[in-house]
Amino acid sequence: MALEICDLTATYGEGTVLHGVSLTAKPGMVTALVGRNGAGKTTTLKALMGLVTSPSGTVSLDGKDLTKLPAYERARAGIGYVPQGREIFPQLTVKENLELGMEANPEVRSIPEDIFETFPVLKEFLGRRGGDLSGGQQQQLAIARALVAKPRVLVLDEPTEGIQPSVIQEIGRVITRLKQNVAVLLVEQYLEFALDIADDVYVIEKGEIVQHGKPGELDEEKLKETMSL
């Protein structure tokens, strides 16, 4: 039972950006997709969520084909997506941002208490506007908003971007704990962070997967070369 992407392509205008990407994110694991800027990491996640045109390939969750579903239906099927840049609503309070996350799961009637166990600062700042939080707090809010709907897969796009080192460590600890309950698919350019918390790693270059394995099994020289191209 897992999230599976098989031979997925993606296009922007006339150009093809993904060339048959395949990967699997399993429960109890952090699966990382790494690569340099422009390699196709974010496009892979957008194609997974139905936010870009995918002429071919499939996306399935626990054996259910999601390929033809719009983004909101994929969210309701159990994929929690935290986009690059967080995209919280700055004018809304922390509480209102979290309540919006409930829209993806009609069975969730109130903010689960374990959200505040995972992110205690959010309980303290429930009435504060999202735009008044620090970058690290906004990232915690974005992750919490995705978790409110109790997804089976948590998809994170560059969660360390613009975050100070001490907060990055805390986010790493949170992600490691979260994998006990959900499959985590992490896109990350900060290679050291990704390799530290990942159980399984895919390396993407020019829209194609060029390496796959556990962090200790990857060809380090080839990886460094790919990341510095």
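Which residue takes a positive phi of about 80° just after H1?

Modeller: Glycine 50 does; the positive phi of about 80° comes just after H1. Before we go on, know that this is a predicted model: local features need pLDDT of at least 70, side-chain atom pairs count only at pLDDT 80 or more, and totals for chains, interfaces and linings use all residues. Residues are numbered from 1 along each chain as its sequence is written, and side-chain values use heavy atoms, with hydrogens and water left out.

Now the helix itself. H1 covers residues 41-48. Helices (H or I, at least four residues) and strands (E, at least two) are DSSP runs, numbered from the N terminus. H1 is mostly covered, with 6 of its 8 residues buried. Buried means under 20% relative accessible area, exposed means over 50%, and partly exposed is in between (1.4 Å probe, protein chains only). The buried residues are Lys41, Thr43, Thr44, Leu45, Ala47 and Leu48.

E1 (residues 3-12) and E2 (residues 15-25) pair in the antiparallel sense over 8 bridges. Two strands pair if DSSP finds at least two bridges between them. Across this pairing, isoleucine 5 stands opposite leucine 23 in E2. E1 also runs antiparallel to E4 (residues 58-61), joined by 4 bridges. There, cysteine 6 has threonine 58 of E4 as its bridge partner.

Positive phi also turns up in residues other than glycine. Aspartate 7 has a phi near 50°. Aspartate 7 sits in E1. With 46% relative accessibility, aspartate 7 counts as partly exposed. Aspartate 62 also has a positive phi, near 50°. Its place is the loop between E4 and E5 (64-65). Aspartate 62 is partly exposed too, at 23% relative accessible area.

Next, the charges. Side chains of opposite charge can pair when their charged atoms come close. A salt bridge is a side-chain nitrogen of Lys or Arg within 4 Å of a carboxyl oxygen of Asp or Glu. The whole structure holds 6 of them. Let us look at some.

Take lysine 95 and glutamate 99: their side chains form a salt bridge at 2.6 Å, N to O. Both belong to helix H3 (residues 94-101), 4 residues apart, about one turn of the helix. An α-helix has 3.6 residues a turn, so residues three or four places apart point the same way. Lysine 95 is partly exposed at 39% relative accessibility. Glutamate 99, at 31%, is partly exposed as well.

Aspartate 132 and arginine 129 form another salt bridge, at 3.6 Å, N to O. Aspartate 132 is partly exposed at 47%. Arginine 129 is partly exposed at 36%.

Then come aspartate 199 and lysine 179, bridged at 3.1 Å, N to O. Aspartate 199 lies in the loop between H8 (191-197) and E9 (200-205), and lysine 179 in the loop between H7 (165-178) and E8 (183-188), so this pair ties together parts that are 20 residues apart in sequence. Aspartate 199 is partly exposed at 23% relative accessibility, whereas lysine 179, at 17%, counts as buried.

Some charges gather instead. Asp219, Glu220, Glu221 and Glu225 make up a patch of negative charge on the surface. Patches are made of residues with over 30% relative accessible area and no salt bridge: like charges are joined within 9 Å, nonpolar side chains (Val, Leu, Ile, Met, Phe, Trp, Tyr) within 5 Å. Lys and Arg count as positive and Asp and Glu as negative; His and the chain ends are not counted. The place of a charge is NZ of Lys, CZ of Arg, CG of Asp or CD of Glu. Accessible areas come from the Shrake-Rupley method with a 1.4 Å probe; for residues, only the protein chains shown count as cover. Glutamate 221 is exposed, at 58% relative accessible area.

Glycine 162 lies in the loop between E7 (153-157) and H7. At 72% relative accessible area, glycine 162 is exposed. Its C-alpha atom is 26 Å from that of alanine 149, 13 residues apart along the chain.
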